[in-house]
Amino acid sequence: MKTLLEQLRFTESEIRVRKRLLSFTAEDVGALKHCCSLIEQRLDTIVDAFYSIQTSEPEIAALIGDADTLERLQSAQRRYILDLFTGNYDLEYANNRLRIGLVHKRIGVEPKYYLSAVYLLRRLLVENLNDLLGDNDLRLRAIQALDKLLYFDVTLVFETYIQSMMSALEAVKNRTEDYARALEETVAMRNGELRTDALTGLTTRRFLHEALQRTLNAAQRRAEPVSVIFVDVDDFKYLNDHRGHAYGDQVLCELGKVLLDAARGEDTCVRYGGDEFCVVLANSTEEQALTSYCKRINSLLAERLPNVKISMGVVQTGPQHFDKAEELLKHADHRMYKEKTVKKNGLAKH
């Protein structure tokens, strides 16, 4: 990534354009250059007066800090004043102004302090030019040229202020976007964790009602039947106690895969809790659920888990009358437990 100074670095062409916009001509260059030796005679006087006035302001004095910093600033100010009258206002001059602006921004010099300092320096320079040159055309030309050059410098310095603020805003924007993106990913992940059972990969019970209601609404619009199947592993506690919880998890995981493999794309397979599962079959009668879906489940289960048995309860609603979602789930659960009771009692299955 480019540094701020690299982003602002100008070309000779850009410098010429800026001078032309300010009508800064060769005549202006000549007028300033003619005054260089005169200003050099008053250099220490001007710098001392400048910092005497500056440090009388508590806020500015606090920014300057200690004597060593003041000495460095005075030295830099002498160089700058001489630069104003050398007649060389090229690319190097412009880049030096950019560096000065960057330093001002980094040490926390607000624009109001910088502008007041420019105004003070101009006032002191004009006072000394008036005293040194008297009332003649050169004095007027030099002051006009000085004004143009100071405007030129101010625009360069403020480029650094503006670009620095833009960079800061961009950094804040990027951080905010990164945070929002991370938050969205976290929320999505958590929603995914809540929506998807970690062990089986099926939809969780929390979203069963939402999925069932969505299927019922679509079925009502199309006048189609909906079937719900409750599934429970027979003697699951016995499997857990005698084969271990790892085997119990394996049974649940494999049963989840069986339910998904037997289902169609529009069906919803849910881990209801523990060893209980629920399947919502769109556009399916009870008979179709028993003869098609349940048959596929038993067939796949016999291949993959031959020693595991399940009980299933199937109910249908629609296509004319539709039960509420809660009632449908309750009826399917009741039928599943009825089948389980029949098995335990050794009675024939109806």
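This is a predicted model: local features need pLDDT of at least 70, side-chain atom pairs count only at pLDDT 80 or more; totals for chains, interfaces and linings use all residues.
**Exercise 1.** Determine how helices α13 and α14 pack, and which residues make the contact.

*Solution.* 
- Locate the helices: α13 covers residues 245-262 and α14 covers residues 286-304.
- Read the geometry. The angle is about 140°, and the axes lie 9 Å apart.
- Classify the angle. Over 145 degrees would count as roughly antiparallel. The pair α13 and α14 is therefore oblique.
- Assign the hand: α13 passes α14 in a right-handed crossing.
- List the contact. From α13 come E254, L255, K257, V258, L259, D261 and A262. From α14 come Y293, R296, I297, L300, L301 and R304.
- Sort that contact by class: eight residues are nonpolar, five are charged and none is polar.

**Exercise 2.** Decide whether N240 is buried or exposed, and find its contacts beyond four places in sequence.

*Solution.* 
- Apply the cut-off. Buried means under 20% relative accessible area. N240 has 14%, so N240 is buried.
- Set aside neighbours within four places in sequence. N240 then contacts H245 and G248.

**Exercise 3.** Describe the largest nonpolar core, then follow L84.

*Solution.* 
- Count the members: the core holds 45 residues.
- I81, L84, F85, L125 and L146 touch the most other members.
- Trace the sources. Helices supplying at least two residues each include α7 (67-84), α9 (111-133) and α10 (137-195).
- Follow L84. Leaving aside neighbours within four places, L84 contacts L32, Y89, Y93, L121, L125, L146, L149, L150 and D153.
- Check for another core. A second, separate one has 29 residues, among them L202, F236, C269 and V308.

Terms used
Residues are numbered from 1 along each chain as its sequence is written. Side-chain values use heavy atoms; hydrogens and water are left out. Axes are lines fitted to C-alpha atoms, for helices over the stretch in contact, and angles run from 0 to 180 degrees between N-to-C directions. Helices (H or I, at least four residues) and strands (E, at least two) are DSSP runs, numbered from the N terminus. Angles under 35 degrees count as roughly parallel, over 145 as roughly antiparallel, 65 to 115 as roughly perpendicular and the rest as oblique. A crossing is left-handed if the near helix is turned anticlockwise from the far one by less than a right angle, and right-handed if clockwise. Contact means heavy atoms within 4.5 Å. Ala, Val, Leu, Ile, Met, Phe, Trp, Tyr, Cys and Pro count as nonpolar, Asp, Glu, Lys and Arg as charged, and the others, Gly among them, as polar. Buried means under 20% relative accessible area, exposed over 50%, partly exposed in between (1.4 Å probe, protein chains only). A nonpolar core is a set of buried Ala, Val, Leu, Ile, Met, Phe, Trp, Tyr and Cys residues joined through side-chain atoms within 4.5 Å.
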